[in-house]
Amino acid sequence: MTLDLACILVNWNTRELILEAVKSLRQDLTQSDLKAQIWVVDNASTDGSPEALREAYPDLKLIVSGRNVGFAAGNNLALRSLGFSDSPAPAPEAPRAVFLLNPDTITQRGAVPALFEALFSLPQAGVIGARLDYEDGTFQHSAFAFPGLLQILIDLYPLPPRLHGRLYESRLNGRYPRQQYQSGVPFRVDHTLGAAMLIRREAIEQTGIFDERYFMYVEEVDWCRRIRGAGWEIYVQPQARITHLEGRSTRQARAQSVVNLWRSRFRYFDRYYSGPRRSLARYLVRGGMIFKIRATKRDSNLSEEQRQALIEAYRAVMHL
């Protein structure tokens with residue numbers, strides 16, 4: 001019998017978080033009528049995550065990678081096991097949808113059924129994301145416009161505090177108005193965050209799975225762009241609430257995460273920007289890294305070790 005849903009979580013050294021993430025997800029699925037499986041891909045964790053998962057959830061589909069292959073390739077290990085291919089190809093035995101979920105999440109009651117119902121009630125929906133909240137319950141943006149040059153400026157260049165605050169929350173910075181999240185009605189976006197995104201089987205069949213050249217970050221942006229290019233729409237379902245304990249995994253390697261982020265962004269620029277726009281993006285990033293280095297040198301909240309690691313990371317970005 002074809003599954004309605006396969007849920008995939010990629011874990012790296014977040015044992016307690018992944019156990020809680022699976023627990024809340026299972027509770028939500030148990031209260032639904034969905035025929036679902038939960039898959040966890042462990043990226044060579046050294047904190048006992050695989051053993052703890054096997055003990056707590058023996059029915060879990062667990063894939064243990066011999067090395068940390070990153071977010072995109074980690075998800076792809078499970079996606080291939082489900083019957084999907086790297087390139088566009090039919091996957092008739094695959095589930096009707098795939099739910100990608102970060103290990104630093106807590107699924108609120110009714111979230112998964114709300115996402116599933118919305119995905120299949122909107123004929124052109126290829127991807128639908130949840131509304132994300134921070135751990136304290138405050139609002140977190142869970143979808144964005146495709147990245148542009150203005151977003152680089154707002155992200156990296158010093159601006160007066162009042163102006164920065166207004167621009168940061170604006171459409172110029174790729175944000176969607178909070179009123180749309182508060183409406184409770186699904187709304188179109190360019191891309192959702194990979195922390196919680198539900199993808200229709202046909203959309204995966206038409207585009208193939210993640211591009212593994214993105215080790216971490218931006219892979220969901222690239223995939224959403226390909227899915228939209230295949231004629232599907234991307235939505236957020238505000239009635240599906242998920243708590244996102246943002247960055248708990250990547251915080252373990254903060255400086256390296258900076259390099260990973262910008263390496264992925266440069267790959268995205270190279271793929272989707274014209275030559276002049278691509279050159280301007282790199283010029284803006286290089287200048288922005290200079291400001292980051294100056295600010296880091298003055299940051300008294302960092303230890304000397306943290307300060308030097310971040311400065312080295314920013315310099316590495318300048319040379320990418």
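Predicted model: local features only at pLDDT ≥ 70, side-chain atom pairs only at ≥ 80, totals over all residues.

1. Helix 10 and helix 12. Helix 10 spans residues 254-272 and helix 12 spans residues 304-318; their axes come within 8 Å and cross at roughly 15°. Angles under 35 degrees count as roughly parallel, and helix 10 is therefore roughly parallel to helix 12. The crossing of the two is right-handed.

2. Residues at that contact. Helix 10 contributes Arg254, Ala255, Val258, Val259, Trp262 and Phe266, while helix 12 contributes Ala309, Leu310, Ala313, Tyr314, Ala316 and Val317. By class, the contact of helix 10 with helix 12 holds 11 nonpolar residues, no polar ones and one charged. An α-helix has 3.6 residues a turn, so residues three or four places apart point the same way.

3. Helix 5 and helix 11. A second pair to inspect is helix 5 with helix 11, whose axes come within 9 Å and cross at roughly 5°. Helix 5 and helix 11 are therefore roughly parallel to each other. On the helix 5 side, the residues are Leu149, Ile152, Leu153, Asp155 and Leu156; they meet Arg277, Leu280, Ala281, Leu284, Val285, Gly288, Met289, Phe291 and Lys292 of helix 11. The contact of helix 5 with helix 11 is made up of 10 nonpolar, one polar and three charged residues.

4. Burial along helix 5. Which residues of helix 5 (residues 149-156) are buried? They are Leu149, Gln151, Ile152, Ile154 and Leu156. The cover over these buried residues includes helix 6 (161-168), helix 10 and helix 11 (275-297).

5. Nonpolar cores. The largest nonpolar core has 39 residues, and Leu5, Leu25, Phe99 and Leu198 have the most contacts inside it. Helix 4 (residues 111-121) gives the most to this core, with seven residues. Another core, of 36 residues, lies apart from it and has Ala72, Ala94, Tyr176 and Ile204 among its members. In soluble globular proteins, nonpolar side chains tend to be buried together.

6. Phe99. Not counting residues up to four places away in sequence, Phe99 touches Leu5, Ala6, Cys7, Ile8, Leu25, Val112, Leu115, Ala196, Met197, Leu198 and Ile242. Phe99 and Leu198 are among the residues with the most contacts inside the largest nonpolar core.

7. Met197. This residue is in strand 11 (residues 196-200). Buried means under 20% relative accessible area, and Met197 is buried, with a value of 0%. Leaving out residues up to four places away in sequence, Met197 touches Val98, Phe99, Leu100, Val127, Ile128, Gly129, Thr192, Glu220 and Cys224. Met197 and Val236 are 39 residues apart in sequence, with a C-alpha to C-alpha separation of 8.9 Å.

8. Ala130. Strand 6 (residues 125-133) contains Ala130, which is buried at a relative accessible area of 1%. Neighbours within four places in sequence aside, Ala130 is in contact with Leu115, Ser142, Ala196, Val236, Gln237, Ala240 and Ile242. Ala130 and Ala114 are 16 residues apart along the chain, and their C-alpha atoms are separated by 9.0 Å.

9. Arg201. Is Arg201 buried or exposed? Arg201 is buried, with a relative accessible area of 16%. Arg201 is found in helix 8 (residues 201-207). Residues up to four places away in sequence are not counted here: Arg201 touches Thr2, Phe84, Ala91, Pro92, Ala94, Pro95, Arg96 and Ala97. Of these, Ala94 is among the residues of the core of 36 residues.

10. Positive phi angles. Most residues other than glycine have a negative phi, and most peptide bonds are trans. Asn13 has a positive phi of about 55° although it is not a glycine. Asn13 lies in the loop between strand 1 (5-11) and helix 1 (15-30), and at 18% relative accessibility Asn13 counts as buried. For Val218, phi is near 75°, again a positive value in a residue other than glycine. The loop between helix 8 and helix 9 (219-229) holds Val218, and Val218 is buried, with a relative accessible area of 10%.

Notes
Residues numbered from 1 in each chain as written. Heavy atoms only, no water. Axes fitted to C-alpha atoms, helices over the stretch in contact; angles between N-to-C directions. Helix = DSSP H or I, 4+ residues; strand = E, 2+ residues; numbered from the N terminus. Parallel < 35°, antiparallel > 145°, perpendicular 65-115°, else oblique. Left-handed = near helix turned anticlockwise from the far one by under 90°. Contact = heavy atoms within 4.5 Å. Nonpolar A, V, L, I, M, F, W, Y, C, P; charged D, E, K, R; others polar. Buried < 20%, exposed > 50% of the residue type's maximum accessible area, 1.4 Å probe, protein only. Core = buried A, V, L, I, M, F, W, Y, C linked by side-chain atoms within 4.5 Å.
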